[in-house]
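Here is a short briefing to read with the model open beside you.

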Amino acid sequence: MPVTGPDFLSLQVRDLAASQAFYERYLGLERSPAGPPHAVVFTTTPTAFALRDLVEGTDLDAIAQPGLGVALWFHATGVQDIHDALVADGHRIVMAPIDGPFGRTFTFADPDGYHVTLHDRG
């Protein structure tokens with residue numbers, strides 16, 4: 001049977017509660033009631049997105065950038081407003097907003113250093 005596409009994405013994080021608060025505050029994500037105690041699963045569609053505690057043996061401090069080589073993009077509304085809120089609160093912007101083929105687009109670093117791109121064209 002062939003693979004039909006991504007079904008679940010998860011990031012390992014240093015501080016689950018802090019990362020959950022970040023994604024809820026700035027991206028407006030909502031926690032799903034489903035999920036194990038070591039993870040926070042959000043109600044994203046069409047693909048589930050989650051944060052989880054570090055797996056034993058994972059040391060995010062030992063690498064310069066977690067997820068290097070992986071492109072993590074989210075469709076969003078209010079992309080410029082999200083950017084402005086991140087900047088106002090001192091979060092790192094990796095790529096300033098541009099208008100391109102995916103609409104208004106920018107990339108930020110989350111609390112663990114993962115690069116996340118937001119765009120507003122579906």
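In this predicted model, Asp99 has Arg104 of strand β6 as its bridge partner. Strands β5 and β6 pair in the antiparallel sense, over 5 bridges.

- β5 (93-100) and β6 (103-109) belong to an open sheet of 4 strands, ordered β4-β7-β6-β5, in which the pairing is mixed.
- At the edges of the sheet sit β4 (72-75) and β5, each of which pairs on one side only.
- On average, neighbouring strands here are turned by 20 degrees against each other, with direction ignored.
- Helix α2 packs on this sheet and touches β5, β6 and β7; the direction of α2 makes about 25 degrees with that of β6.

**Helix α2**
- Which residues of α2 (residues 79-88) are buried? They are Val79, Ile82, His83 and Leu86.
- The packing partners of the buried α2 residues are helix α1 (16-27) and the strands β5, β6 and β7 (115-119).
- After α2 comes Gly90, with a positive phi near 80 degrees.

**A closer look at Thr105**
- Thr105 is a residue of strand β6.
- Is Thr105 buried or exposed? Its relative accessibility is 4%, and because buried means under 20%, Thr105 counts as buried.
- The Thr105 side chain reaches the backbone oxygen of Gly103 at a distance of 3.0 Å.
- Leaving aside neighbours within four places in sequence, Thr105 is in contact with Trp73, Val79, Met95, Ala96, Pro97, Ile98, Thr117, Leu118 and His119.
- One of these contacts, Val79, is also among the buried residues of α2.

**What the record says**
- UniProt, in an unreviewed entry, lists residues 5-121 as "domain: VOC".
- In the model, that span is 19% helix and 34% strand, and its end C-alpha atoms lie 20 Å apart.

Methods: Residues numbered from 1 in each chain as written. Predicted model: local features only at pLDDT ≥ 70, side-chain atom pairs only at ≥ 80, totals over all residues. Heavy atoms only, no water. Buried < 20%, exposed > 50% of the residue type's maximum accessible area, 1.4 Å probe, protein only. Helix = DSSP H or I, 4+ residues; strand = E, 2+ residues; numbered from the N terminus. Contact = heavy atoms within 4.5 Å. Pairing = 2+ DSSP bridges. Axes fitted to C-alpha atoms, helices over the stretch in contact; angles between N-to-C directions. Polar contact = N/O pair within 3.5 Å; in protein donor to acceptor, adjacent residues only side chain to side chain. UniProt positions renumbered as here; feature names shortened; annotations may be inferred.
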